[in-house]
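I opened this notebook to record what I looked up on salt bridges and nonpolar cores. The entries follow in the order in which I made them.

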Amino acid sequence: FQHIVILKNKHFGNVLVLDKQEQIAEKDSLLYHEYLVLPTIAVHPNPQSVLVIGAGDGGVLYQLLKFPFQRIDHIELDRMVVDAAKKYLYSVHRGALDDYRVNRVIMDGRKFLQDNIAAKKPGYDIIIIDLPDPEKIELARLYSKEFYELVRAALNPGGIMATQASTPYYFLEGYTAIYKSIQSVMPDALPYVITMPSMGST
């Protein structure tokens, strides 16, 4: 589904690059994944179920597995990303990609949501979305208002979504469009930005 490269950087360790976009580097992966995952857990009063869409490097799963969730579903489109991460990015996932507590499904995240909603399956307290920046037309459908409507429908009452949404410093148009799309469906949405040594900000 995409061009996968693992680079070795003398400062940041192994770096995952998808379609010429850096996704994560070993040395600052904890910073990125902690800020993506932990605020949602801190805000929700009693999260029991989590859906992860994307995040094939396993860093999100590593953070989630620190907590006693009853259900963690991981939806990843590209099995080769998971395989590459298992082989080259252990310090990012720390074994989380092989943890028995994670239910992984290799399929399109949007279709997974559609199928679950149609089947009236139980929803989620937390949904975390970690996808490449929407610089390819194929990814636009995962950053649209219609997609976030599916996300909202899959959340339990009081549920929380967190997503990676590019950066306002290098891709202001994309960041703004994503934020407006989310806010049109979830009016309480708030943006936040962190600084990543290997990437600048996100």
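**Entry 1: K86 and D98.** I looked up K86 and found that it forms a salt bridge with D98, the closest N and O atoms being 2.9 Å apart. I counted as a salt bridge a side-chain nitrogen of Lys or Arg within 4 Å of a carboxyl oxygen of Asp or Glu. K86 lies in helix 3 and D98 in the loop between helix 4 (90-93) and strand 6 (102-106), so the pair ties together parts that are 12 residues apart in sequence. Helices (H or I, at least four residues) and strands (E, at least two) are DSSP runs, numbered from the N terminus. I noted K86 as partly exposed, at 32% relative accessible area, and D98 as exposed, at 54%. Here buried means under 20% relative accessible area, exposed over 50%, and partly exposed in between (1.4 Å probe, protein chains only).

**Entry 2: basis of the values.** The model is predicted: local features need pLDDT of at least 70 and side-chain atom pairs count only at pLDDT 80 or more, while totals for chains, interfaces and linings use all residues. Residues are numbered from 1 along each chain as its sequence is written, and side-chain values use heavy atoms, with hydrogens and water left out.

**Entry 3: other salt bridges.** I recorded a count of 5 salt bridges. Among them, D108 and R141 meet through their side chains at 2.9 Å, N to O. This pair links distant parts of the chain, with D108 in the loop between strand 6 and helix 5 (109-118) and R141 in the loop between strand 7 and helix 6 (145-154), 33 residues apart. D108 is buried at 18%, whereas R141 is partly exposed at 37%. I also noted a salt bridge between D73 and R71, at 3.3 Å, N to O. D73 is buried at 7% relative accessibility; R71 is partly exposed at 25%.

**Entry 4: nonpolar cores.** I then turned to the largest nonpolar core, which has 29 residues; V60 and L64 have the most contacts inside it. A nonpolar core is a set of buried Ala, Val, Leu, Ile, Met, Phe, Trp, Tyr and Cys residues joined through side-chain atoms within 4.5 Å. The elements giving it two or more residues include strand 2 (13-18), helix 2 (59-64) and strand 7 (124-130). Helix 1 supplies the largest share, 4 residues.

Which residues does L64 contact, leaving aside its neighbours within four places in sequence? I listed V37, I41, V50, V52, F69, I72 and I128, contact meaning heavy atoms within 4.5 Å. A second, separate core of 25 residues includes L51, L139, L150 and V185.
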